[in-house]
Structure formats: C-alpha cells, structure tokens
Amino acid sequence: MNLFKPKFSNGQVLEIAGARLVLRTNARARRVSLRVDGARGEVVAVAPNERRLSEAVDFAHQRADWIAERLKARPQGAPFAAARPISLRGEPVRLEASGNAAAARFVRDDQGLRIVSGGEGDAFARRVERLLRAEAKRELQARTEVHAAALGLKAPAVSIADPKSRWGSCTPARGTIRYSWRLIMAPSWVLDYVAAHEVAHLIHADHSPRFWAVVKQLLGDEKAGRRWLRAHGHELHAVGRGGA
Ligand SMILES: [Zn+2]
C-alpha cells in the first residue's frame, strides 16, 4: 500500500450509528471536527486535507455513542394533525379539525389563536400547510418591501418554496428572492432578519463585511437572528416532514 495515497477522499460517504457519515476537507480547518446535521439526519466529518480524513473517521468512531444520542434527540417531523400544536411567529397555535372539507383558516377567540381546517390525514395536513405558506408569503413580501424601500431599491419579486436547509436565496440579476415558508413558524424578528439578509444581497452577492454592514444598517442587530436560526432552524425544517 502506498503510504502517501490518502485512504479517504473528500465527499466520500460512510455509515455511522445507522446514519450517513459524509467526509469533507476544508483547507481552512485547523483540526478534525464532527457536526451532526439534524435536518438531514447525517454526520459531517471535516479534516484540513484528505490525508487527515482517516483521523476524522477514527474520531467519529470514538464518538459513535454521542452521535447516536444527538441523532435520536433531533426533533422528529410529524405531519400536521388535529390537536397537535404548531408554532406561528414563535407562538403555539392549536390545530383543530372542522370535520368538513373546508380550507384551513385562522380563528381567534378568547382561547387565543387556532387553525381550523377540514380534511382528514394528508388532506388536513395539506390544507394547514397551504394556509401557512400563504401567510409566509404575505409577511415575507411585506418585510422585503420595507427593507428594499429603506435601501432605495425597487421591490423584488418574492416567491415561497420549501428548500431542505436554506431560508432564502436571492438572484440580484433578476431581482428575485425566494424564501422558505417555514420562516412563518419562527419569531417575527427572525423572519425579518432573513428578509433583510436577502434584500442586502441585492446590493452585495457575497457575505463580505460590506454585505453585513448593509444588514446591520437595516436591522441594527443582525447577530440575534443568525444565532436563533443556528439553534432552532433544524426544528423548523423537521416540521411536517414525517420523521424523514
Ligand atoms: Zn446570504
């Protein structure tokens, strides 16, 4: 065996604790490290170069118990169902079956806010998601317009999608921004942070200090939103995904 040929390569996928173990090299990494990606249910092992990937694999095996625990603890997605609370703008909202075939709607009374929907099983879940998507679109469009106006820009075209891990993406050349509908479940100031972030990309396509200066100009404090998404983002991505 050639001692100088690395045993593992960047992008290679192994298995650990019943999950995918993805090997990555990053020239800027100083040491080997592990990251559990709860939303994807996979583990990423990083090393500064391919030769040190075997060290990262050894490290992952030493920490197999810790990995198994982290994967078990991740929020399990469950389809929207009656009596199961969800989060809207960071507040709990009850889901209630109306027993007919009507579309989902918001109902506010002395017991607070709830979503009442017709349909059963998948049909119920689809109606609830449709309502949340419409709400997300309305809110994200409004916040996007506010931030674009503050920068003296024409309002971009806003669309809503369900990407696996991103919160938004901006195509400055076309003046379009696409957001994850899941942001409507986060506190409003987190949604607002993502809107400001994407609008700032209309001016700077990168994440340079100049870009962050624009975000800061729009929000004052841009760090709280980033922190919240890092800590809770995987929970939003798990909602309604049926434990996938
Ligand atoms: Zn960005």
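Biologist: Let me start with a detail. In β11, which residue is the bridge partner of S169?
Modeller: It is R178. Keep in mind that this is a predicted model.

Biologist: What is the bridge partner of T171 in β11?
Modeller: T176. Strand β10 covers residues 168-171, and four bridges join β10 to β11. The two strands run antiparallel.

Biologist: How many residues sit between β10 and β11 in the hairpin?
Modeller: Four. G175 is in that turn, with a positive phi of about 65 degrees.

Biologist: Which residues of β10 are on the covered face, and which on the uncovered one?
Modeller: G168 and C170 are on the covered face. S169 and T171 are on the uncovered face. In a regular strand, side chains alternate between the two faces of the sheet.

Biologist: And β9 with β11, parallel or antiparallel?
Modeller: Parallel, over five bridges.

Biologist: Let's zoom out. How many helices and strands are in the protein chain?
Modeller: Six helices and eleven strands. The chain has 244 residues, and 27% of them count as buried. Its C-alpha atoms fill a box of roughly 70 × 45 × 30 Å along the principal axes.

Biologist: Into which domains is the chain divided?
Modeller: Domain 1 is 13-73 and domain 2 is 86-238. Their centres, taken over C-alpha atoms, are 31 Å apart.

Biologist: Now the four-strand sheet. What is the strand order?
Modeller: β1-β2-β4-β3, as an open sheet with mixed pairing. The edge strands are β1 (13-16) and β3 (33-37), and each pairs on one side only. From one strand to the next, the twist averages 30 degrees.

Biologist: How many bridges join β1 to β2?
Modeller: Four, and these two strands run antiparallel. β2 spans residues 19-25. I16 stands opposite A19 in β2.

Biologist: Which helix lies across those strands?
Modeller: Helix α1, residues 53-62. It lies across β1, β2, β3 and β4, and runs at about 140 degrees to β4.

Biologist: Switching to the cores. How many residues does the largest nonpolar core have?
Modeller: 36. Those with the most contacts inside the core include V128, A136, Y179 and L183. Among the elements that give two or more residues to this core are β8, α3, β9 and β11. Apart from it lies another core, of twelve residues, including L21, A45, L53 and A60.

Biologist: What is V128 in contact with, leaving aside its neighbours within four places in sequence?
Modeller: F80, L95, A104, I115 and S117. V128 is also one of the buried residues of α3.

Biologist: Which other residues of α3 are buried?
Modeller: Among them are F124, A125, L131, L132, A136 and L140. R127, R143 and H147 are on the list too.

Biologist: What span should α3 have, and what does the model give?
Modeller: At 1.5 Å a residue, its 29 residues should span 42 Å. The end C-alpha atoms are 42 Å apart, so the two agree. Just after α3, G152 takes a positive phi of about 70 degrees.

Biologist: Which loop holds A82?
Modeller: The one between α2 (64-73) and β5. Setting aside neighbours within four places in sequence, A82 is in contact with L95, E96, A97 and F124.

Biologist: Why does A82 count as partly exposed?
Modeller: Because A82 has 18 C-beta neighbours inside 10 Å. A residue needs 20 or more to be buried, and 12 or fewer to be exposed.

Biologist: How far apart are A82 and R126 in sequence and in space?
Modeller: 44 residues apart in sequence, and 12 Å apart in space, C-alpha to C-alpha.

Biologist: Last one. What is the phi of R89?
Modeller: It is positive, about 50 degrees, although R89 is not a glycine. Most residues other than glycine have a negative phi. R89 lies in the loop between β5 (86-88) and β6 (91-97).

Biologist: Why is R89 called partly exposed?
Modeller: Because it has 17 C-beta neighbours inside 10 Å.

Key. Residues numbered from 1 in each chain as written. Predicted model: local features only at pLDDT ≥ 70, side-chain atom pairs only at ≥ 80, totals over all residues. Pairing = 2+ DSSP bridges. Axes fitted to C-alpha atoms, helices over the stretch in contact; angles between N-to-C directions. Contact = placed C-beta atoms within 7 Å. Core = buried A, V, L, I, M, F, W, Y, C linked by C-beta atoms within 7 Å. Domains from an automatic or database assignment. Expected span 1.5 Å × (residues − 1).
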